[in-house]
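Here is a quick tour of one model, taken a residue or a helix pair at a time. Have the viewer open as you read.

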Amino acid sequence: MTRWNQGRSTVDALIAGGGLERVPASQEAAEAELVRARVHVGSARQLAATDPEGAYTLAYDAARRALAAVLQNQGLRATSRGGHTVIYEAVRAQLDPPLGTMLRPFNRMRARRNEVEYRSSEAPAVTSEEVAADLAKVEALIELAEKAIPNMPRY
């Protein structure tokens with residue numbers, strides 16, 4: 001398999017800055033992470049009407065797991081310094097273009113999830129409609145990861 005060059009300078013900078021680290025690459029572990037992401041989506045659907053905030057947190061976590069799976073397949077993992085933002089930056093650098101429109105909801109969901117988790121007083125309550133709308137985007141991210149993983153080599 002050939003080397004994946006798109007976004008390499010960004011990923012190299014994230015590694016050099018300590019936001020990403022190299023780990024053993026594992027397609028099996030990445031695929032297991034995608035299974036967990038799908039379970040979270042199912043749980044979020046079940047909770048959306050009765051616990052929209054909980055459902056939103058699960059939906060976001062499913063999206064995070066999907067993008068982290070792409071990195072895990074390559075032998076990369078976000079550090080505590082890099083957090084969830086680095087996961088998005090590393091995957092976006094490698095896949096946008098052409099997949100930016102599919103990836104961008106992740107960053108918005110990350111900010112919204114932070115509002116939910118850390119209780120911004122100005123933030124509106126999460127609704128079941130909001131959960132449903134973003135679950136469709138999360139499923140698209142999982143499908144994107146499922147397609148990318150077999151085609152992206154180890155970093």
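## Ground rules

Contact here means heavy atoms within 4.5 Å. This is a predicted model, where local features need pLDDT of at least 70, side-chain atom pairs count only at pLDDT 80 or more, and totals for chains, interfaces and linings use all residues. Residues are numbered from 1 along each chain as its sequence is written, and side-chain values use heavy atoms, with hydrogens and water left out.

## Around N73

Leaving aside residues up to four places away in sequence, N73 touches A25, S26, Q27, A30, I149, M152 and R154. N73 belongs to helix α3, residues 52–74; helices are DSSP runs of H or I with at least four residues, numbered from the N terminus.

Is N73 buried or exposed? With a relative accessible area of 6%, N73 is buried (buried is under 20%, exposed over 50% and partly exposed in between, using a 1.4 Å probe and protein chains only). The N73 side chain also gets to the backbone oxygen of I149, at 2.9 Å.

## How α3 meets α5

Two packed helices are described by the angle between their axes and the distance between the axes. For α3 and helix α5 (residues 100–118), the axes come within 10 Å and cross at roughly 140°. Axes are lines fitted to C-alpha atoms, for helices over the stretch in contact, and angles run from 0 to 180 degrees between N-to-C directions.

Which residues make the contact? From α3 come E53, Y56, T57, A59, Y60, A63, R64 and L67, and from α5 come L103, F106, R108, M109, R110, R112, R113, V116 and E117. Sorted by class, the contact of α3 with α5 holds nine nonpolar, one polar and seven charged residues (Ala, Val, Leu, Ile, Met, Phe, Trp, Tyr, Cys and Pro are nonpolar, Asp, Glu, Lys and Arg charged, and the others, Gly among them, polar).

## Two cis bonds in a loop

P97 sits in the loop between α4 (83–95) and α5, and P98 lies in the loop between α4 and α5 too. The peptide bond from D96 to P97 is cis, with omega near 5°. Another cis peptide bond joins P97 to P98, with omega at about 15°.

## Over at A13

A13 is in helix α1, residues 8–16. With a relative accessible area of 47%, A13 is partly exposed. A13 and A90 are 77 residues apart along the chain, and their C-alpha atoms are separated by 9.8 Å.

Notes
Polar contact = N/O pair within 3.5 Å; in protein donor to acceptor, adjacent residues only side chain to side chain.
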